[in-house]
Amino acid sequence: MSIIAQHGEIFIILACLFGFFMAWGVGANDVANAMGTSVGSRAITIKQAIIIAVIFEFLGAWLAGGEVTNTIRKGIIDPELLQEDPQLLVYGMLAALLAAATWLLVASMKGWPVSTTHSIVGAIVGFAVAGLGAGAVDWGAVGTIAASWVVSPLLAGTIAFTLFKSVQHLIFEARDPFAAAKRYVPMYVFLVGFAVTMVTLTKGLKHVGLDLGFGVSLLFSILAGLGVAALGVAMERRVKASNRQTDQFGFTGVERVFGVLMIFTACAMAFAHGSNDVANAVGPLAAVISVVQSGGEIGGAALVPWWVLVLGGGGIVVGLVTYGHKVIATVGTGITELTPSRGFAATLAAAVTVVLASGTGLPISTTQTLVGAVLGVGLARGMAALNLRVIGTIAMSWLITLPAGAGLAILFFFTFKGMFG
């Protein structure tokens, strides 16, 4: 009787526990990034951020989480090498989940916004090198993911820089900034609704049996964008211009209009984050379930069971509620001073970058995307607006993440092999 048949139930229970722990880490560390700009710019309170995140992270994970899951599971190790010894994959994925989750726990306690994608990729590479040798790792796939770690902050930073410059030019430099805000803000709201709907429809809903063509998706996305824009217009009508003496530029009312807009971008970012980063928790978990249920078969592209996405979404929510406030403080107030207009530009840029990546199946780091976007907004105001010490600490924690994940995974891999093997 094979080890997998003998201990199958134990493996699935362990995988669910470690998967939930990993999802907890994603919530505690990464969701804070999604909400950090909204809370830091005082557009919403921590309590409101948690409610928005609970709903939209969960929806993103459940509706659009299927596409990226495959890249994490199948892209890094060649499944053929594990056919002889399928239990190695089970030990490896359990070790990877536990290692990445442990590192996220440490980082969250310190308030460091690290990458959950780095953590899990590093852990999977660590187990592959320990269990199968360096030749087993598809270094090309790792290289693609590594390239995205440079591309995503740069892309998000560039989009954020451009967006904020457009806001400055169209609204803040206008003769009547408040009237200009009322005129142009619906266009920005439309962008939010359109981008998120487009990627959800084109890539996200296949595993729930809804596969629309590109043209139909485009039409629905435009309609959704218009619907969200109409809702935004209705909400911003209630914002009155401010004539306070202290506000010589008349910007208080303008920032309040952007405060309304931040609610939409917070929802978009939470959805985008859930769709992209749930893979880090459920990818390895799905791999273990697939191997155990097939009696040791490896390779076939098994769809992620719906309850696994629910488990991932639930873990993310618990992590945010219990520990998310530390990283929210770092991202929201540590890097640069945010106002609702700056926070909006950063969040929309990050959301667009994340949904594009989620749509193409590239597991980018939401953390680095968002930090890149916040840096882009800071740079639009000049170097003096950035807190270089905090940026240095964040960069250091990013560099440690891959080796930390790999080292812990090697340790746990040999532990599981010793216990069951």
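1. Burial comes first. A residue is buried under 20% relative accessible area, exposed over 50%, and partly exposed in between, with a 1.4 Å probe and protein chains only. On that scale, buried residues make up 58% of the 421 residues in the protein chain. The model is predicted: local features need pLDDT of at least 70, side-chain atom pairs count only at pLDDT 80 or more, and totals for chains, interfaces and linings use all residues. Residues are numbered from 1 along each chain as its sequence is written, and side-chain values use heavy atoms, with hydrogens and water left out.

2. Secondary structure. The protein chain has 14 helices and 0 strands. From the N terminus on, its elements run α-α-α-α-α-α-α-α-α-α-α-α-α-α. Helices (H or I, at least four residues) and strands (E, at least two) are DSSP runs, numbered from the N terminus.

3. Helix packing, terms. Two packed helices are described by the angle between their axes and the distance between the axes. Axes are lines fitted to C-alpha atoms, for helices over the stretch in contact; angles run from 0 to 180 degrees between N-to-C directions. Under 35 degrees counts as roughly parallel, over 145 as roughly antiparallel, 65 to 115 as roughly perpendicular, and the rest as oblique. A crossing is left-handed if the near helix is turned anticlockwise from the far one by less than a right angle, and right-handed if clockwise.

4. Packing against α14. Helix α14 spans residues 388–420, and helix α5 spans residues 116–132. Their axes come within 7 Å and cross at roughly 45°. α5 and α14 are therefore oblique to each other. The crossing of α5 past α14 is right-handed. Helix α4 (residues 87–110) also packs with α14, at an angle of about 135° and with the axes 7 Å apart. This pair, α4 and α14, is therefore oblique too. α4 passes α14 in a right-handed crossing.

5. The α5/α6 pair. Helix α6 covers residues 139–172, and its axis lies 12 Å from that of α5, at an angle of about 160°. That makes α5 roughly antiparallel to α6. Here α5 passes α6 in a left-handed crossing.

6. Contacts across the sequence. Valine 331 lies in helix α11 (residues 325–334). At 1% relative accessibility, valine 331 is buried. Valine 331 and methionine 35 are 296 residues apart in sequence, but 8.7 Å apart in space, C-alpha to C-alpha. Glutamate 9 sits in helix α1. Glutamate 9 is exposed, with a relative accessible area of 68%. Its C-alpha is 8.2 Å from that of valine 292, 283 residues away in sequence.

7. What is the phi of arginine 42? It is near 60°, a positive value in a residue other than glycine. Most residues other than glycine have a negative phi. Arginine 42 is found in the loop between α1 (3–40) and α2 (46–64). Arginine 42 is exposed, at 72% relative accessible area.

8. A nonpolar surface patch. Phe214, Val216, Leu218, Leu219, Phe220, Ile222, Leu223 and Leu226 form it, with about 750 Å² of accessible area together. Leucine 219 is found in helix α8 (residues 214–236). Leucine 219 is exposed, with a relative accessible area of 55%. Patches are made of residues with over 30% relative accessible area and no salt bridge; like charges are joined within 9 Å, and nonpolar side chains (Val, Leu, Ile, Met, Phe, Trp, Tyr) within 5 Å. A salt bridge is a side-chain nitrogen of Lys or Arg within 4 Å of a carboxyl oxygen of Asp or Glu. Accessible areas come from the Shrake-Rupley method with a 1.4 Å probe; for residues, only the protein chains shown count as cover.
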